Amino acid sequence: MAKVAKKSGRKTQEPATRDYTIHLHKYMHKCQFKKRAPRAVRQIRRFAAKAMSTKDVRIDTKLNKFIWSNGIRNVPRRVRVRLSRKRNEDEEAKEKMFTLVQHVPVESFKGLQTETVRDD
């Protein structure tokens with residue numbers, strides 16, 4: 001049997017955009033009321049970093065307003081977000097790519113799946 005050369009190094013990241021539904025309610029389990037909305041923001045940040053494999057995650061102001069819309073205690077159970085991995089234009093930035101997280105308003109969460117969005 002012939003030996004196959006193993007590829008070394010990581011695959012380069014390309015800009016990409018995907019829609020996800022984040023179930024915030026499961027992250028808020030056993031979380032005291034006054035820490036719910038801040039924790040939701042942190043969990044969205046963590047989710048985006050893991051899904052798009054970037055350390056730099058930027059949350060849009062409309063998404064932040066949606067999370068805080070019911071106050072600090074009553075965070076929405078689910079949120080539909082658009083994660084966009086983009087190139088960092090800043091030359092002295094540590095990371096080459098960053099993720100922008102935007103809110104996607106939906107009527108119902110029934111039957112929604114992760115979708116890749118075409119950039120036009």
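This is a predicted model: local features need pLDDT of at least 70, side-chain atom pairs count only at pLDDT 80 or more; totals for chains, interfaces and linings use all residues.
Biologist: How many helices and strands does the protein chain have, and in what pattern do they follow one another?

Modeller: The protein chain has two helices and five strands. Read along the sequence, they follow the pattern β-α-β-α-β-β-β.

Biologist: Why is the protein chain called more spread out than a compact globule?

Modeller: The globule rule gives 14 Å for 120 residues, whereas the radius of gyration of the protein chain is 17 Å. That value is well over the rule, so the chain is described as more spread out than a compact globule. Along the principal axes, the C-alpha atoms fill a box of roughly 60 × 40 × 35 Å. Buried residues make up 30% of the 120 residues.

Biologist: What makes the pair Arg82 and Asp19 a salt bridge?

Modeller: A side-chain nitrogen of Lys or Arg must be within 4 Å of a carboxyl oxygen of Asp or Glu. For Arg82 and Asp19 the N to O distance is 2.8 Å, and the pair is therefore a salt bridge. Arg82 lies in strand β3 and Asp19 in strand β1, so the pair ties together parts that are 63 residues apart in sequence.

Biologist: Is Asp19 buried or exposed, and how do you know?

Modeller: Buried means under 20% relative accessible area. Asp19 has 5%, and therefore counts as buried.

Biologist: How many salt bridges does the structure hold?

Modeller: The structure holds three salt bridges. Among them is the pair of Arg58 and Asp56, whose N to O distance is 3.0 Å. Arg58 is partly exposed at 34% relative accessibility, and Asp56 is partly exposed at 22%.

Biologist: Why can such side chains pair at all?

Modeller: Side chains of opposite charge can pair when their charged atoms come close.

Biologist: What makes the patch of Glu89, Asp90, Glu91 and Glu92 negative?

Modeller: Asp and Glu count as negative. The surface patch is formed by Glu89, Asp90, Glu91 and Glu92, and therefore it is called negative.

Biologist: Where does Glu91 lie, and why is Glu91 called exposed?

Modeller: Glu91 lies in the loop between β3 (78-87) and β4 (97-103). Its relative accessible area is 71%, and exposed means over 50%, so Glu91 is called exposed.

Biologist: What is the phi value of Lys30, and where is Lys30 found?

Modeller: Phi of Lys30 is near 60 degrees, a positive value in a residue other than glycine. Lys30 is found in the loop between β1 (16-23) and α1 (36-52). Its relative accessibility is 79%, over the limit of 50%, so Lys30 counts as exposed.

Biologist: Why does Ser53 count as partly exposed?

Modeller: Its relative accessibility is 41%, which falls between 20% and 50%, so Ser53 counts as partly exposed. Ser53 is found in the loop between α1 and β2 (57-59). Phi of Ser53 is near 50 degrees, a positive value in a residue other than glycine.

Definitions and conventions: Residues are numbered from 1 along each chain as its sequence is written. Side-chain values use heavy atoms; hydrogens and water are left out. Patches are made of residues with over 30% relative accessible area and no salt bridge: like charges are joined within 9 Å, nonpolar side chains (Val, Leu, Ile, Met, Phe, Trp, Tyr) within 5 Å. Accessible areas come from the Shrake-Rupley method with a 1.4 Å probe; for residues, only the protein chains shown count as cover. The place of a charge is taken as NZ of Lys, CZ of Arg, CG of Asp or CD of Glu. Helices (H or I, at least four residues) and strands (E, at least two) are DSSP runs, numbered from the N terminus. Buried means under 20% relative accessible area, exposed over 50%, partly exposed in between (1.4 Å probe, protein chains only). The radius of gyration is taken over C-alpha atoms; the globule rule is 2.2 Å times the number of residues to the power 0.38.
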